[in-house]
Amino acid sequence: MESTASELRKMGEIVLEKLENYLSESQSGKPKVLIQRSPEEISDTLELENYIRKGCLNIDNVGNLLDKYLDNTQHLHHPQFIGHQAASPHVASSISDFIHGVVNNPMAIYEMGPAAATMEKVVINWMLEKVGWFKGDRLSDIDPAKVGGGGILTHGGSMANLTAMLAARAKIDPDAWTDGTSKDLVVMGPEVSHYSISRAISIMGMGSNAMIPVKVNDQEVLDPDNLYPVFQKLKSEGKRIMAVIANACATSTGLYDPIAEVGEFCKENGLWYHVDGAHGAVALLTPKEKHLLKGVELADSLTWDAHKMMQTSALCAAVLVKDHKNLDQTFRQKGSYIFFEKEQIGYDAISNAIECTKSGLGTKLFWALAAEGEEGFKNFIENQYQVTKEFYKMFNEHPYFECSNAPESNILCFRYTKFGNDNGFQLAIRNELIKKGNFYTTTAVVNGVRYLRLSVMNKLTKPVHIQTLMEEVEQIALTLSGK
Ligand SMILES: Cc1ncc(COP(=O)(O)O)c(C=O)c1O
């Protein structure tokens, strides 16, 4: 086929009709949520090699190829998708992906996508406003001196965490960019920090041992009383603390660290404070849940993913800083093809980003937000957090289910105890659950105990689905126990 405008329309019509059916079928909850086949089987069924060798994709076979592709997807719109923290995307956001796929405006340089760059700036300002780091008059203010805070959208929370760690390093050790990272730099954070933090530290050449764990309580929440002893010990060893991390919320449990207390500690000791709010910073969008992030304005940087709880497809994450100068000084680069004197209209995000070519990420969030408005987002988050509390009650009222903790967000860990407390047994239950394909859940170890883990990402997930899940888990457990 030729890559022409009329082919786009013809192919687009076929694809859209199939996607419409896919979406409504998924949302009906009738198909399996996941049928997992091997890559070899998928490759053969989709005839991937044949397409590559012959280049034979056309209007006549695109529908067939797409049908087979969709048969082998994880159904994130399905009410029984309660697994990883990936959004069931808003259709408005999906459409923005399609538009980006056509216009392809990688907007890290303003000239390469003025509208996309502007959308990113405006949604960043909106996020800064929610944190309390926006001093402008209108969200379209772009002058950093006027805005106060700064930020950038990145391809994922891991990249946002890496950017925040680089900003923290630039602050404490400005020469590290040219001379390499000093050996005496360390980062303190809950021992259950997301792995992307220690990965960032390793990428930065500090070695993962530079991530100094601060003990958490039996629900894996950081206990601020444990900060001082670790801090004093590190000082006595001559270490410099590059950053202190808190979770908002923790990946396994969905529980929030005491954000304000950690903030006060950092303020007293002049330390860079990074809040990893990849999942849970959305609590800022609702007066009902905002208290979970009380004190966030004390932070220096915040990671906040839109592709988790703000209904965009993967990826769209933000790293925000209280003082824009800290991000402006993070990266230093040369490249006459990009960095040269020019009459600058707008601003080039590239100076604040790891990526060179960067997708129009702001469009994903803008379109979802434009469709739902702030009120729609607020209602969505409140609903997800509230139903998770209802699900917790259901597990708790059952004699053989127990949860690791009462939920604070839309993440919940549970296990089935009738046949004992063996961690391996919970994993075996999960394996069977996945094989059956009616539900998709993940699993996590909390305080040494293995649980099945729910992230309630989809507003269609209701108590009736959890009731059916509990029945299926019981049935699986009975069969596995051989009783
Ligand atoms: C607390 C936390 N930080 C960071 C990340 C990484 O984000 P991403 O998957 O967007 O790279 C996650 C992902 O689950 C997370 O829960």
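Biologist: Where is the place of Ile-59?

Modeller: Ile-59 sits in the loop between α3 (48-54) and α4 (62-71). Keep in mind that this is a predicted model.

Biologist: Now charges. How many salt bridges does the structure hold?

Modeller: Side chains of opposite charge can pair when their charged atoms come close. This structure holds 22 salt bridges. One of them joins Lys-358 to Glu-120, with the closest N and O atoms 2.7 Å apart. That pair links distant parts of the chain, 238 residues apart. Lys-358 is in the loop between α14 (324-328) and α15 (361-397), and Glu-120 is in helix α6 (residues 114-131).

Biologist: Are Lys-358 and Glu-120 buried or exposed?

Modeller: Lys-358 is buried, at 0% relative accessibility. Glu-120 is buried too, with a relative accessible area of 0%.

Biologist: Which residues are linked in a network of salt bridges?

Modeller: Glu-129, Lys-130 and Glu-374.

Biologist: Which residues gather in a patch of negative charge on the surface?

Modeller: Asp-225, Glu-261, Glu-264 and Glu-268. Asp-225 lies in the loop between β3 (211-214) and α11 (227-236). Asp-225 counts as exposed because its relative accessible area is 61%, and the exposed class starts over 50%.

How values were computed: Residues numbered from 1 in each chain as written. Predicted model: local features only at pLDDT ≥ 70, side-chain atom pairs only at ≥ 80, totals over all residues. Heavy atoms only, no water. Patch = residues over 30% accessible without salt bridge, like charges linked within 9 Å, V, L, I, M, F, W, Y side chains within 5 Å. Areas by Shrake-Rupley, 256 points an atom, 1.4 Å probe, with all protein chains shown as cover. Salt bridge = Lys/Arg side-chain N within 4 Å of Asp/Glu carboxyl O. Lys, Arg positive; Asp, Glu negative; His and termini not counted. Charge placed at Lys NZ, Arg CZ, Asp CG, Glu CD. Helix = DSSP H or I, 4+ residues; strand = E, 2+ residues; numbered from the N terminus. Buried < 20%, exposed > 50% of the residue type's maximum accessible area, 1.4 Å probe, protein only.
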